[in-house]
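Welcome, and thanks for taking a tour of this model. Please keep the sequence and the 3D view side by side as you read.

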Amino acid sequence: MDINWQFIISTLPLYQKAAWITIKLGFWGTLLSLVIGLVCSIILYFRIKVLKELVEIYVELSRNTPLLIQLFFLYFGLTKLGITMSETTCAIIGLAFLGGSYMSEAFRSGIEAVSKTQIESGLSIGLSQMQLIRYVILPQAFAVTMPSLAANCIFLFKETSIVGAIAIAELMHVTQDVIGMYYQTFESLFMLVAAYLIIILPLSFLLTWLERKVRYAEFGN
Amino acid sequence: MQNLGINVLFEGTTLQRLFEGLMMTAGIAFISIIIGSFLGIGMGLLRTSKSRIVQFICRLYLEVFRIIPILVWLFIVYFGVTNALDIHLDGEVVAVIVFSLWGAAEMGDIVRGALESLPKHQVESGKAIGLSFWGLYRYVLIPQAVRRMLPGAINLSTRMVKTTSLVVMIGVIDVVKVGQQIIERSIIKVPTASFWVYGLIFILYFIICYPLSKLSKKLEAKWEN
């Protein structure tokens, strides 16, 4: 099997651009997921009426359906009802819709892991509910839940491979195009795998490092 | 006017065709889960091996599936492997191969976790009463481990069912592809077809996955103590 290096070099800019799109989608998807997850888990913690039920329905719907169908529904289905958005917006919303429920579950289990005595002590020194969450619960929950947050983050970056299906020129989509146009199958797939390794491996190391950093709150457990 | 769009689902053989597509999806998922579970049990036993090299290879195998997205694996086998070996593989076969290998990796990790979580004295008592290696696994370790790994295994099945939606990208006529065909056929008559068809597929996936994930949560809660 001869590898056509000339071809690899010539498509390098194409893959570089696609990789940036993948990173951008993954980054915004993860960030929005974290926000959605945090809000949802706080709603669940306070058991706010109606909102709590809505969050529960959202989590079940989002966790039990594939991203591809969610994207198709958003992108092709909702446009027909007059709600139109760009591919990128749609992809980020799709990723956030999917990731939000995973992050919410992660935060929820982290919050549940904070011991009752911590909450009671917080209340007894006169913290308000918001202060309790900000200074007592979240820092501890965050440390406990960091491994699942990291796993979700990697999961979301990998899921960006699916948004190519709605015509976004990310890595998967570009590879499909290149294979279709030039029939350089090995080279294209090689570039694809290399690009994912270049994105995900450093991310995974960074997250492991972060995990170790936030362990400070584990003490006493 | 828009409310009439839902009729697209009940015209002619639409529902029947979607159901056939769903059966294709479910079939791929089912076969892969079965093969993946068997391979995964072997993988899990291998991962409890004392040999450093065996451990390293198994770990590498798992990480390779964890780092590279499944869609990429589908592409590698569908375009790359077939090209390299100069053979033709149908999308369905490729899907079963990839999902089984992935399932084996993840299942192996679940089995390893379950086996390692068993108290050490179980192994020692088993050995003390003179059980052979296979006897030890057959009568002592596996029955206990099954309990600990079942919730995880069901969760993995849900993930595999969800991931089968990707097979449309390698040319399998699954429920998504059938949906696309129906939408394309009725796009002029019923512009809102895509809303209803994708909405229905969304619900169909939910109907399959929701009971599974509920079951897994229930078992987890039941066997936690």
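Predicted model: local features only at pLDDT ≥ 70, side-chain atom pairs only at ≥ 80, totals over all residues.

Residues are numbered from 1 along each chain as its sequence is written, chains are lettered from A and ligands numbered from 1 in the order in which they are written, and side-chain values use heavy atoms, with hydrogens and water left out.

Let us begin with the overall picture of chain A. Chain A holds eight helices and zero strands, and its pattern along the sequence reads α-α-α-α-α-α-α-α. Helices here are DSSP runs of H or I with at least four residues, strands are runs of E with at least two, and both are numbered from the N terminus. Along the principal axes, the C-alpha atoms of chain A fill a box of roughly 70 × 45 × 20 Å. Of the 221 residues in chain A, 49% are buried; buried means under 20% relative accessible area, exposed means over 50%, and partly exposed is in between, with a 1.4 Å probe and protein chains only.

Taking the contacts in chain A between residues at least 6 apart in sequence, 80% join residues at least 24 apart, where contact means heavy atoms within 4.5 Å.

Next come the record annotations. In an unreviewed entry, UniProt lists "domain: ABC transmembrane type-1" for residues 19-207 of chain A; UniProt positions are given in the numbering used here, feature names are shortened, and annotations may be inferred rather than shown by experiment. Over residues 19-207 the chain is 81% helix and 0% strand, with its end C-alpha atoms 19 Å apart. The unreviewed entry also places "transmembrane region" in chain A at residues 25-46, 67-98, 132-155 and 189-210. The span 25-46 of chain A is 100% helix, and its end C-alpha atoms lie 32 Å apart. For residues 189-210 of chain A, the span is again 100% helix, with an end distance of 31 Å between C-alpha atoms. In chain B, UniProt lists the feature at residues 22-46, 58-81 and 195-213 (unreviewed entry). Residues 22-46 of chain B are 100% helix with C-alpha ends 35 Å apart, and residues 58-81 of chain B are 92% helix with C-alpha ends 22 Å apart.

Now look at helix H3 of chain A, residues 67-77. Why is H3(A) described as largely enclosed by the rest of the structure? Ten of its eleven residues are buried, so the rest of the structure largely encloses this helix. Among the buried residues are Phe72(A), Phe73(A) and Tyr75(A). The buried residues of H3(A) pack against H2, H4 and H6 of chain A, together with H7 and H8 of chain B.

Helix H4 (residues 87-113) of chain A contains Glu105(A). This residue is buried at 15% relative accessible area. Not counting residues up to four places away in sequence, Glu105(A) touches Val59(A), Arg63(A) and Lys217(B). In helix H5 (residues 116-124) of chain A you will find Gln118(A), which is partly exposed at 34% relative accessibility. Beyond its neighbours within four places in sequence, Gln118(A) is in contact with Val136(A) and Gln140(A).

Most residues other than glycine have a negative phi. Val50(A), not a glycine, has a positive phi of about 60°; Val50(A) sits in the loop between H1 and H2 of chain A and is exposed at 58% relative accessibility. Asp86(B), also not a glycine, has a positive phi of about 55°. Asp86(B) lies in the loop between H3 and H4 of chain B, and its relative accessible area of 71% makes it exposed.
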